[in-house]
Structures are given as structure tokens and as C-alpha cells.
Amino acid sequence: MDFIRAIRQKIHEGNLMFVYRGVVTVENTSSLLMLLEKEMESSEFGFQGRKRLFMFVLESLQNVSRHSTSDDYSEMSLVMYSRRPDGYTVTTGNVIETSQIGNLKKKLEEINNLEPGEIRTVYRQMLNASEFSTKGGAGLGLIEMAKKTGNRLDYDFVQLDGDYSYFILSKTVDSKGTGFRTGSAGRFEGRSVSELEQLMASFNIYMIWSGHFSPDVSKEVLSFAETRLSEGDTDTALRRKVFGVLVEALDNVARHNPGQTVEEQYGMPLVLIRFKEKEYTITTGNLIENDKISPFRQKLDTINNADREGLKNLLKQSLMNQQMNVQSTGNLGLIEMARKSDGKLNYNFEKINDRYSYFILEVKVSGR
């Protein structure tokens, strides 16, 4: 589980909230927007700020969908949300032909050199004059993004090889929906975004969520995962098992919630979904009080030492002992995860201080 430390470091450095690596489709665009909306409900963003940010996100997702070079590279597309004290940052990445960089950079610089008041005028002129293609018009999508927030677009190109490069587009928006530049030198660097995409590719990660898990946020994470599962060639039985494990895993994270203030100080909850060769791996991370570790570890070891028949017996015992008028101990959820998976519940406790540790749980679900 050493790679989890690298992921958590990336999350900390970039204030990351959500990252998706994969094909951007019409179907999952809605879920990608809803994830951000539910997160923002507890923020100070007003209606105007949300509206402008959502329109920018929608245009960004459409831009990725339109301009991904080919099916061979569409899985490398990236959608990333970051939480900042002064707003939110939306970043996308997708592969383009290196030969396109000159023309694309020229368009971006032309847009960035416009004053906010000039953007709408140029946009109307382009609507009247542009010859539209299946790619959406000559830079119209880019100026549409700039028009939403009235400010410059951050961008960078990272060369992959002689023929292809990674195009990264980013925007930070404050609570009023106004965009502003990031970085003290005024130069946006996309290398860290490309490195994160490579890290996710190395470990077959297609979704990362890091943030406080309210019921609404959990619901949208599940909704996005369900949409993504239904888009692939995963058979129905495996989809149900994966979804069932994810439901129990998120419930387990929420149950040990010490509060958002404590999480922000010592470690935000984490959910990773990985997929390789018909096997899904769901990894969660969350804070747990040290005095709860010993009995919790005993539950995990008891479950891991049980065979299939033993798990059935443990489930029966837990159901018989369950009291309806008290909060669940979490035993049922852990047993259900073990029954739906084809292996053990891998876990680790990393001590943070005298009161808290960070608990990592990994569950594999296979269709083989």
C-alpha cells in the first residue's frame, strides 16, 4: 500500500478533491457535475458563482470529449477538482497531436490578451463568422470558457513523445464566479498534473475522491461509480458486487467520521477505485481513534480467518445480535465486503498522534 502515500501527498500538495482518469462521455458528464455541486453546497459559493463555475466545467468536459486525439489515448483524459481557501480549481488534461500545439497556443494567447469586456464582443463576432466543424468551431469553445469567468485561462503542454503531447487546461474561480490566475510568477505549470495522470495509470486508478463524506456527497460518488461501471464491458453480476462493496466501504468511512475540522487537520477521507483485467480494487482511507483500533482489528482478523461457510455463520451471528435501536457496529458491513470479494480485507493502521491513526482498507472484487 506504499503507493497510497504518494497519492495522499499529491492530494495534499494540490488540495485535490476529485480526480477522474478515463473517457469523458455524455453519460458521465452529468455525474461529474453533480459531484462538484454537492461538495459546494457546504461552501460560501453563491448562486452566480456556482452557475459560472458549472458552465465552465461543462464546457471544459465537452472540450475534452471533442478534442481527445483518438480512442488509443482517450483513457488518459483527466478531470480534476481542487479546493482552495479562495475558491475552486477545475483542471482537465487530454492528449493532442504535437503538431496542433502552435495553433492552439496562438488561440489561447489571443484570448488571454483580451480584456474581460472585450471577450463578449469577440465571442459574438466568432458566432457570426465561424465555420463550425465537428470539433466545435475555431476556438469558440475556448473563448466560451473565458467568457464564463471573465478572465485568463491557465494552460500548459507536456510532451509525451515526438507525435503526441498532453494538453492541460485549468481555471480557478472565486465565490463570485470570477476567475483569477494561480502561481506567484503568473506562469501555470502542468507537470504535476501529467505526473498524477502517470501515477494513476501505473496503478490502474480511474477515480480518486478526497473530502468530507456527507450523505449527499457519498450518494454522488456512488452515482458516478455506477455510471462508470455501466459504460464498460463489466458483466451485471460483477457490477452488483463492486457497487455493493463500495456502498459498505463508504458507510464504513462515514461511521468513523471524527468531524470535518479534525479531518482537515490530520487526514481527509480517501476513496480510490482501480480496475485491471476484470478485477476492481476499492481502497478507502479515514481517521480512526486509537482506542478503537484493537477491537476493530479483532473484527477484521476474525473475518479474514473465516472461509466462505465461516462468513455465512458470522453474518448470521451478527444479524441475531444486531439491536435495532442502536447504531450499527460496522461488523455487518465488513462481513458483506468479505463475502462479495474474492480475497481478504487488506488493511493498515498508520499512527498520526496519540489520539488518531489513519486506517486504510483495500478490497478486491474479481469477475474471473
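Select helix α13 (residues 308-321) and helix α14 (residues 331-340) to begin: their axes come within 10 Å and cross at roughly 160°. Each axis is a line fitted to C-alpha atoms over the stretch in contact, and angles run from 0 to 180 degrees between N-to-C directions. Helices (H or I, at least four residues) and strands (E, at least two) are DSSP runs, numbered from the N terminus. You are looking at a predicted model, where local features need pLDDT of at least 70, side-chain atom pairs count only at pLDDT 80 or more, and totals for chains, interfaces and linings use all residues. Residues are numbered from 1 along each chain as its sequence is written, and side-chain values use heavy atoms, with hydrogens and water left out.

How are α13 and α14 oriented to each other? They are roughly antiparallel, a label for angles over 145 degrees. Now show the side chains between them. From α13, Arg-308, Leu-311, Leu-314, Leu-315, Ser-318 and Leu-319 are in contact with Asn-331, Leu-332, Ile-335, Glu-336, Ala-338 and Arg-339 of α14; contact means heavy atoms within 4.5 Å. By class, this contact has seven nonpolar, two polar and three charged residues. Here Ala, Val, Leu, Ile, Met, Phe, Trp, Tyr, Cys and Pro count as nonpolar, Asp, Glu, Lys and Arg as charged, and the others, Gly among them, as polar.

Next, select helix α7 (residues 140-149). Ten of its ten residues are buried, which here means under 20% relative accessible area with a 1.4 Å probe, protein chains only. Charged names are on that buried list too, including Glu-144, Lys-147 and Lys-148.

Move on to Thr-92 in strand β3 (residues 87-97). Is Thr-92 buried or exposed? It counts as buried, at 3% relative accessibility. Leaving aside residues up to four places away in sequence, Thr-92 touches Ser-60, Val-64, Leu-78, Phe-167, Ile-168 and Leu-169.

Then pick Glu-39 in helix α2 (residues 26-40). Glu-39 is buried, with a relative accessible area of 8%. Display Met-17, Arg-83, Tyr-88, Trp-209 and Val-217 around it: Glu-39 touches these, again not counting residues up to four places away in sequence.

Finally, zoom out. The chain has 14 helices and eleven strands, and 50% of its 368 residues count as buried. Among contacts with a separation of 6 or more, 74% join residues 24 or more positions apart.

How values were computed. Angles under 35 degrees count as roughly parallel, over 145 as roughly antiparallel, 65 to 115 as roughly perpendicular and the rest as oblique.
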